[in-house]
There are 6 protein chains.
Amino acid sequence: MYEFILTETHDQIFEIVLNRPDKRNAMNIQMVEEIGKAIDDAERAFIQGEARVLFIRAEGRVFSSGIDLTSFLEDENKYGENWRDNLFPTTADLQSVMNKIEDCSLPTFCLMHGYCLGLGMELALACDFRIIAERTKLALPESRLGMIPDVGGTTRLLRLVGPSRAKEIIMTGGNIDVVDAERWGIVNYVVPKDDLIPKAEALAKDIMLSAPLAVSYTKRTINDMLDDRGNLKIEAWAQAQLIRTEDFYNGVNAMINKTYPVEWKGK
Amino acid sequence: MYEFILTETHDQIFEIVLNRPDKRNAMNIQMVEEIGKAIDDAERAFIQGEARVLFIRAEGRVFSSGIDLTSFLEDENKYGENWRDNLFPTTADLQSVMNKIEDCSLPTFCLMHGYCLGLGMELALACDFRIIAERTKLALPESRLGMIPDVGGTTRLLRLVGPSRAKEIIMTGGNIDVVDAERWGIVNYVVPKDDLIPKAEALAKDIMLSAPLAVSYTKRTINDMLDDRGNLKIEAWAQAQLIRTEDFYNGVNAMINKTYPVEWKGK
Amino acid sequence: MYEFILTETHDQIFEIVLNRPDKRNAMNIQMVEEIGKAIDDAERAFIQGEARVLFIRAEGRVFSSGIDLTSFLEDENKYGENWRDNLFPTTADLQSVMNKIEDCSLPTFCLMHGYCLGLGMELALACDFRIIAERTKLALPESRLGMIPDVGGTTRLLRLVGPSRAKEIIMTGGNIDVVDAERWGIVNYVVPKDDLIPKAEALAKDIMLSAPLAVSYTKRTINDMLDDRGNLKIEAWAQAQLIRTEDFYNGVNAMINKTYPVEWKGK
Amino acid sequence: MYEFILTETHDQIFEIVLNRPDKRNAMNIQMVEEIGKAIDDAERAFIQGEARVLFIRAEGRVFSSGIDLTSFLEDENKYGENWRDNLFPTTADLQSVMNKIEDCSLPTFCLMHGYCLGLGMELALACDFRIIAERTKLALPESRLGMIPDVGGTTRLLRLVGPSRAKEIIMTGGNIDVVDAERWGIVNYVVPKDDLIPKAEALAKDIMLSAPLAVSYTKRTINDMLDDRGNLKIEAWAQAQLIRTEDFYNGVNAMINKTYPVEWKGK
Amino acid sequence: MYEFILTETHDQIFEIVLNRPDKRNAMNIQMVEEIGKAIDDAERAFIQGEARVLFIRAEGRVFSSGIDLTSFLEDENKYGENWRDNLFPTTADLQSVMNKIEDCSLPTFCLMHGYCLGLGMELALACDFRIIAERTKLALPESRLGMIPDVGGTTRLLRLVGPSRAKEIIMTGGNIDVVDAERWGIVNYVVPKDDLIPKAEALAKDIMLSAPLAVSYTKRTINDMLDDRGNLKIEAWAQAQLIRTEDFYNGVNAMINKTYPVEWKGK
Amino acid sequence: MYEFILTETHDQIFEIVLNRPDKRNAMNIQMVEEIGKAIDDAERAFIQGEARVLFIRAEGRVFSSGIDLTSFLEDENKYGENWRDNLFPTTADLQSVMNKIEDCSLPTFCLMHGYCLGLGMELALACDFRIIAERTKLALPESRLGMIPDVGGTTRLLRLVGPSRAKEIIMTGGNIDVVDAERWGIVNYVVPKDDLIPKAEALAKDIMLSAPLAVSYTKRTINDMLDDRGNLKIEAWAQAQLIRTEDFYNGVNAMINKTYPVEWKGK
């Protein structure tokens, strides 16, 4: 039914599984849209009483290496060849799927292993709970390409760790130590890779002892208190400018051609 | 290409025309989704330099009589038969299209005549400018059915007229005098019906004297300052409760069977 | 049952009537507390289905001349003789009654005639709708005493008329023309004195055509969108300083002894 | 003077002591109201220079087991037998006492031992500082009854630990490890039970080295910066729906009859 | 003492007079900085009890024709030749003077005649009260140059007239009818040119009947309630992008060379 | 060029060095203003591509002992002898320099050793990153003088550590353990004194691997999300009252004459 993801329900757990292992689960626009549609399926399962929690995890050796650069071609198809001159609709499209995950009626768990980079980490941050395997590479490396994390990553990291640590993580783009990640509140649990699913299932089971609507309304209540949708607009303003810089162009080329470090021009 | 709307571009004006005149342009889910897709078309036209402003108007004798009650059946298809037990995803779907209109890069004009009721008025409120024909019936009658305007109507009316007038309009559900509507700031201009399009075109022409990005960024700047996306969540909380009351059930039946007034039970 | 107010229910209208005509309905602490308790009665009547709207009006020649200066003695009884050194609890007590009116489940109407000054006008501003008799003296004269309106008046006037007009009204302390009051949105209707109750009843009747919970939730939804409880704290900071100035002392004396104008010292 | 609490002042410390040890300090409406009145006493003592800090602690083996289920009968007395059809006034009553604690002019310390559950923990969260004895059971178990913590617990926990940890704590309803509680910022200090009062007194003494108004204004300044009164309204919307579900009814019965686990119906 | 302005105090009125009549009071950076310093003088006069209100008015035939395009050269001096690549510090400099006017302790009056355009109107919007002579040309024409009003004009116009009218005024850049300006709340009074000073003095006199600190705190209280400093940042994001477009370059040239209309490129 | 600071650029690092070692880098008004001007220099260097990060550090044995009490005399020069009667302009002057640091386009590092007290710590909190030498005395001791930290310290500490820990730190005025400071998120790194500069340079180097505008926009994006400028106004309200108390006068005298502890009067 889906090309880049799988979905499955068992034990009242609705699972979305990233399933593009040959590309290290790089996320293209279609994969993102498929995740959005799977959320509708999960809502239906919730209303029917068939599912109570949602897991997002990945097949293969890594959770996700982040955005698939070919996505940019898809944007061109949708908004025309000058799409970079007015990035706002593109940003809004991606953000709206992340918002849909955040707003969905079921508590959401992200289970990460291997790599969880860029857009992959932004997806994780849109979930309620994050459980991570030891030694997973966790990073928001966008600034190394001349961009910022604009699919909610900046907004959602900020609210978990505050401004100073969020700036350090995003400005350097470097790997986050998973122990620090737990200590600072970015992830809920760090476990050996084999315990990833068992740990998530144990927490899911604890949550299922509580009443379904009370759980769902706890989620909505806290989300609505955050009221940081406005912040997503600030991400959009910043990115709309960065996407037009020479440095972005050079950064992407350096990544494709592996010609690091880049000689930045500051424009 | 679309079933319930038409789109057309001329003189750098992208037009979305409600086109279901036999049903007085009653809005069903599909029509709302078609409007959302047409916004993508308008964005593409904007980026390509083909369109600079967006008109939303209607064919036939009235702009719109509001939501088509058969929409509820479509919701059941999407979210299952118990959809009223957890209205949040349904509300979010409708709100997201209105948000897309509000966020689009082109200045948007709504041209109203005949009736502009309920969801039709919520659509109008999501536009930047409202031009209305004399003697148009303008109202948010949801409370007469046991509901509130939850597709952004409460949020957007509030920011135009303040709390006291917004409460009066929504609590009574009665027709708003169009002269008051202009005086209070709900509409920009009241004109004879034949002047509806000329007036809109004249204002569009004035706007086109300004630079396209300056116009678009004026819109984004002001929208982002409003930062009232959180308010849409409050609308959702209220409606999720109301949709489950007996009074809602009775209110809808009274409307269908024209058996007014309703004996409300307050539950 | 109450000393300074009357309550009565008829036609699903719960009425609170200020009833201290010999003192021009000057409001002392006890009257304010009685109003707060009457709101509990109104809530009970609403839940029982006996009342659907709430009127606040007054017996005698005027609605209210504002705060009764002897209230200050009552504050001393409650918080000790140095109460002016830390005004915050006193302000909070008065504000909490106004908040209770604003938050109550029924739509509230304030019917004003004669005078409506100071705390009387702050009471009116805490209601959903304001209907006023022609030639009523409407003012917030606190600045003439060296104070600001700190029982929500500044917050609530601001949201109706915006900053520039709110500053003019409060800084001058002068009478507001009732026609301007309607034009700017401070009051909903200006009517001849004899039409005060009929006009309110007609509007109440219109509201009762709508479902009770839809009406109540419209009110809550809009109130919760305003989210200006934080502003009441700013009023409290300002007043806590002003109450300790010499000018306040001189202003009160001038009012008692009618020795205007005051030679202000600015401290 | 009070039935369910004691108050006492020594060394400029105003103490409120929960004193219903035979019921494990279960909190009924009257106890909550008595705490509110004791805050007025504390304000008076502060203004008179007799008290500078406020302790809330408990007699007996536990701090508090949470709300006394018989409170619900008291609500019925106040608002009529259909009180659950419109929970808003009930919620507002309880929240207003917690707000009064939070807003009071003295720094407030909560000293916890044994159990601190549900409404007891919400009381603790309304204080400025929390000191807890080792091995104290700390939890917000409301979701196990089909409710959320709606007396400010959700709002105040969120601002201490952020959204992800707050969701985990409230959705599971399980016991919080006190070491994690300190590490995450829920409590200021974990100490052996016998050190509870000495630790609090030592911190109080440190605070008393600072000027009284500077201390009080530090508290007000930070509280006013939080500006999350609006969030209490979101708690109210959620709870008003949950209180009418079958699951709530079943959850309460299961608690009374100790027939766990509950078969939740999701409605 | 100042080159482009005059200051004078009489009758407790501190006056700042724009005084570059040969350039139609076009505002360069130095004039803006001089206004900022004059505010310090006014504060000193207020603290000393010598002044109670502040007037800003202009010598010559017009209030101000807006920004002096040569200002851009001054920016280059301060921030280097690439200053347009990072406009943020430049915007912040100009905004900070307007904020200083808005925050000053005295009530501020702007008296306008002739023209009041662009930066001149932004100055007016930073004042508490606006009194305007009949037939004054009032406009924010920035969009005709490819810019937005980014020195607070967008933020402050929005809060006076709401989003729909603010968008119309800024997007078209056209002249605002002064009668509409009064009706919508942009200006407090429209008077014949000769009545400009008398009307302002009469209102000032009314304000001086009130206590100086009560007046000053009314201003601070309302300003602090607005809390829209964040909006100034959104203006900065938008302008930082627009200043680098070709359309801006073409728009400025068209203004200098009077070669209207411009063929906009949308980039 | 500057009297109390030095500036220097090397390796794309712009350094501001506090240089008043004989006074333990006590900060007077002139030093603060010089820092503000140096920020303009840094902006110019950034736009020219000469500098990418900004360090603030100190010569001598300590970072800074806080405000120089003789500053108060300078305030008198600027605003007249009654300056304490209306502290708002004075507070705004100091806050505006801290805001300028916070808003500057380069990432800012504060390197602390020895003491970092009061205004010195407020300066540190206005930077993006804080690196501190082991055994540095870090405190906000204002409450021991009868004041609060009103130059942004309260606002910025709150957002790093939340309300409970911020209250404890400010109310006691005591030294903060640097290990706790790191654990709670007040500082990024605690290092041996000799590693202070190397550690900062290593982090700077990591940041310079990312594109300059992406780094700068990450900073702006996160700062704009915080939107807590309104909180600085609350600090101002509190301090304006405290500066006029007897306790403030006594607190300052006790500090000058080292006659601790103070007998506070609470007024």
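# A walk through a predicted multi-chain model

Let us start with one side chain: setting aside neighbours within four places in sequence, C:Val190 is in contact (heavy atoms within 4.5 Å) with C:Ile132, C:Glu134, C:Val178 and C:Glu182. This is a predicted model, in which local features need pLDDT of at least 70 and side-chain atom pairs count only at pLDDT 80 or more, while totals for chains, interfaces and linings use all residues. Residues are numbered from 1 along each chain as its sequence is written, chains are lettered from A and ligands numbered from 1 in the order in which they are written, and side-chain values use heavy atoms, with hydrogens and water left out.

Back to C:Val190, which is found in strand β8 (residues 189-191) of chain C. One of the contacts of C:Val190, C:Val178, is 12 residues away in sequence, with a C-alpha to C-alpha separation of 7.0 Å. C:Val190 has a relative accessible area of 26%, so it is partly exposed. On this scale buried means under 20% relative accessible area, exposed over 50% and partly exposed in between, using a 1.4 Å probe and protein chains only.

F:His113 counts as buried because its relative accessibility is 5%. Beyond four places in sequence, the contacts of F:His113 include F:Ala58, F:Gly60, F:Arg61, F:Val62 and F:Phe63, and also F:Ala133, F:Thr136, F:Lys193 and F:Leu196. F:His113 and F:Arg57 are 56 residues apart in sequence, yet their C-alpha atoms are 8.7 Å apart in space.

Next come the charged pairs. Side chains of opposite charge can pair when their charged atoms come close. With a salt bridge taken as a side-chain nitrogen of Lys or Arg within 4 Å of a carboxyl oxygen of Asp or Glu, a search of the whole structure finds 120 of them over all chains. In one, A:Asp68 and A:Arg20 meet with an N to O distance of 2.8 Å. This pair links distant parts of the chain, 48 residues apart: A:Asp68 lies in the loop between β3 (53-58) and α2 (71-79) of chain A, and A:Arg20 in the loop between β2 (13-18) and α1 (29-47) of chain A. A:Asp68 counts as buried because its relative accessibility is 10%, and A:Arg20 counts as buried at 10% as well.

Another salt bridge joins F:Glu182 and A:Arg165, whose closest N and O atoms are 3.5 Å apart. That pair crosses between chains, from helix α6 (residues 178-184) of chain F to helix α5 (residues 153-172) of chain A. Both F:Glu182 and A:Arg165 are buried. In chain B, the side chains of B:Glu102 and B:Arg156 meet in a salt bridge at 2.6 Å, N to O. This pair spans 54 residues, from helix α3 (residues 88-103) to helix α5 (residues 153-172) of chain B, and both B:Glu102 and B:Arg156 are buried. Salt bridges also form a network, which links A:Glu102, A:Asp103, A:Arg156, A:Arg159, A:Asp224, A:Asp228, A:Arg229 and B:Lys233.

Helix packing can be followed in chain D. Two packed helices are described by the angle between their axes and the distance between the axes. The axes of helix α3 (residues 88-103) and helix α8 (residues 212-226) of chain D come within 10 Å and cross at roughly 135°. Here axes are lines fitted to C-alpha atoms, for helices over the stretch in contact, and angles run from 0 to 180 degrees between N-to-C directions. On the α3(D) side, D:Ile101, D:Glu102 and D:Asp103 meet D:Lys219, D:Arg220 and D:Asn223 of α8(D).

Finally, consider how copies relate. A rotation of 180° with 0.0 Å of shift along its axis superposes chain E on chain F, with an RMSD of 0.0 Å, by least squares on the C-alpha atoms of residues with pLDDT of at least 70 in both. That is the relation of a two-fold axis. The C-alpha of chain E nearest the axis belongs to E:Arg229, 3.3 Å from it. The same surface serves both copies, as 100% of the contact residues of chain E recur in chain F.

Key:
Helices (H or I, at least four residues) and strands (E, at least two) are DSSP runs, numbered from the N terminus.
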